[in-house]
2 protein chains.
Amino acid sequence: MLPQALSDVIDALGMLPGVGPKTAERYAYYLFKSSNKISESIASSLSNLHSGVKSCPVTFALIDADMKVSPLYDDPRRDKSTIMVVEEPLDIYAIEQTKSYMGTYHVLGGAISPIDGITPEQLHIGELIKRVNDDNAKEIIIATNPSVEGESTALLLEKMLHEQNPNLKLTRLARGLPLGVDLSYADQITLSAALENRTDL
Amino acid sequence: MLPQALSDVIDALGMLPGVGPKTAERYAYYLFKSSNKISESIASSLSNLHSGVKSCPVTFALIDADMKVSPLYDDPRRDKSTIMVVEEPLDIYAIEQTKSYMGTYHVLGGAISPIDGITPEQLHIGELIKRVNDDNAKEIIIATNPSVEGESTALLLEKMLHEQNPNLKLTRLARGLPLGVDLSYADQITLSAALENRTDL
């Protein structure tokens, strides 16, 4: 009953994560009411997405298709002996925005999750261990998410990296109160961590 | 720092209503990780959107570009003497899904809103009055939204249609308790309307 072209757009946008039929309808109708330019720029950018982006073969960060390795790895100003291990490529850009890290990155490609069928073999752990040797790494910062999956992955990495080289410094991102959150609203685990990791004044 | 092709997709999707940079990032990364087919179906459906959809010249419903008038108006089984007036084209599909209306529709194209600069002249009111005569309408169901703008539009329509033809039956959708809502959670205006419009058992 809806025009075919409109219902095609609704079906297509409904495939995005967390977008139900009502949201897809809203997006589609907005695009129809707006100038053709918005639809065109979405369509043309999507056509280039898969051909224009690839994974860096060393760090597994996302890079332009015509690059050999990630510029964050290639840059001589960046310290290759410090490697921050993250779950997903976009985590890198969150860290980079802080402008307070000058080491390199390694993307695992997820976290161990038996429910979702993600085993350690599917993550880029072997490549990380190889890099530790190749780049003569001194410190590995484990920056997995503070979730059950992220914590298990961190534990496994700690074990494997320690076995590999007992002198390697292993650290992880601090747990504590996020800025702007009222103490009384913080959850128990975060509060315990904030207390345990309290810093000297 | 993000690959250009990925950041183009993030920028483009960020133009959708209610989509901020983080949501756009999530959509874009999901599309990159998923098969090319999803991006392709979004891109191709969007390319056809503006060329494949137009407004019905009589009812202002959205129709396939190769149709002359809305099939809901053209259908001889539908009662042209009853016209339901809605704000937006997608409202029609919400009503149609109830399968309990067999009249025709008229889309206003919005509601009067001085703040957004929408005046009565920008709505398809003139065309409605013409249809009332042309189709020899007997009943107009005013189905604008239960918002301040929708209510003012309903009042204006009531006045104009009554002036035009004092014998025309004017109705509007009932106000009352929506299904599944606890009485104690209903707002005062809805509750007052439900009490005022109470039905005999």
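Which residues does A:T82 touch, not counting residues up to four places away in sequence? They are A:Y101, A:G103, A:T104, A:E139 and A:I141, where contact means heavy atoms within 4.5 Å. You can find A:T82 in strand β3 (residues 79–86) of chain A; helices (H or I, at least four residues) and strands (E, at least two) are DSSP runs, numbered from the N terminus. A:T82 is buried, with a relative accessible area of 13%. Buried means under 20% relative accessible area, exposed over 50%, and partly exposed in between, using a 1.4 Å probe and protein chains only.

The side chain of A:T82 also makes a polar contact of 2.9 Å with the side chain of A:D79. A polar contact is a pair of N or O atoms within 3.5 Å; within protein, one must be able to donate a hydrogen and the other to accept it, and residues adjacent in sequence count only if both atoms are side-chain atoms.

**How to read this model**

This is a predicted model, where local features need pLDDT of at least 70 and side-chain atom pairs count only at pLDDT 80 or more, while totals for chains, interfaces and linings use all residues. Residues are numbered from 1 along each chain as its sequence is written, chains are lettered from A and ligands numbered from 1 in the order in which they are written, and side-chain values use heavy atoms, with hydrogens and water left out.

**Chain A as a whole**

Chain A has 8 helices and 6 strands. Starting at the N terminus, the order of its elements is α-α-α-β-β-α-β-α-β-α-β-α-β-α.

The C-alpha atoms of chain A fill a box of roughly 65 × 50 × 35 Å along the principal axes. Of the 201 residues of chain A, 44% count as buried. Take the contacts in chain A between residues at least 6 apart in sequence: 45% of them join residues at least 24 apart.

**Where the two chains meet**

Now look at the contact between the chains, which takes 49 residues from chain A and 49 residues from chain B. Together the two chains bury about 4800 Å², with 76% of it on carbon and sulfur atoms. Buried area here is the accessible area (1.4 Å probe) that two parts lose on being put together, summed over both. A:M1, A:F32 and A:H50 supply 14% of the area that chain A buries against chain B, more than any other three residues.

The largest nonpolar core has 71 residues, of which A:L6, A:I42, B:L6 and B:I42 touch the most other members. Such a core is a set of buried Ala, Val, Leu, Ile, Met, Phe, Trp, Tyr and Cys residues joined through side-chain atoms within 4.5 Å. Leaving out residues up to four places away in sequence, A:I42 touches A:L31, B:A12, B:L13, B:L16 and B:L46.

Most residues other than glycine have a negative phi. B:K99, however, is not a glycine and has a positive phi of about 55 degrees. B:K99 sits in the loop between α5 (89–96) and β4 (103–107) of chain B, and counts as exposed at 76% relative accessibility. B:N136 is not a glycine either and has a positive phi of about 55 degrees. Look for B:N136 in the loop between α6 (125–134) and β5 (139–142) of chain B, where B:N136 counts as exposed at 56% relative accessibility.

Is B:D75 buried or exposed? B:D75 counts as buried, at 17% relative accessibility, and is in the loop between α4 (71–74) and β3 (79–86) of chain B. A polar atom of the B:D75 side chain lies 2.9 Å from the backbone nitrogen of B:R77.
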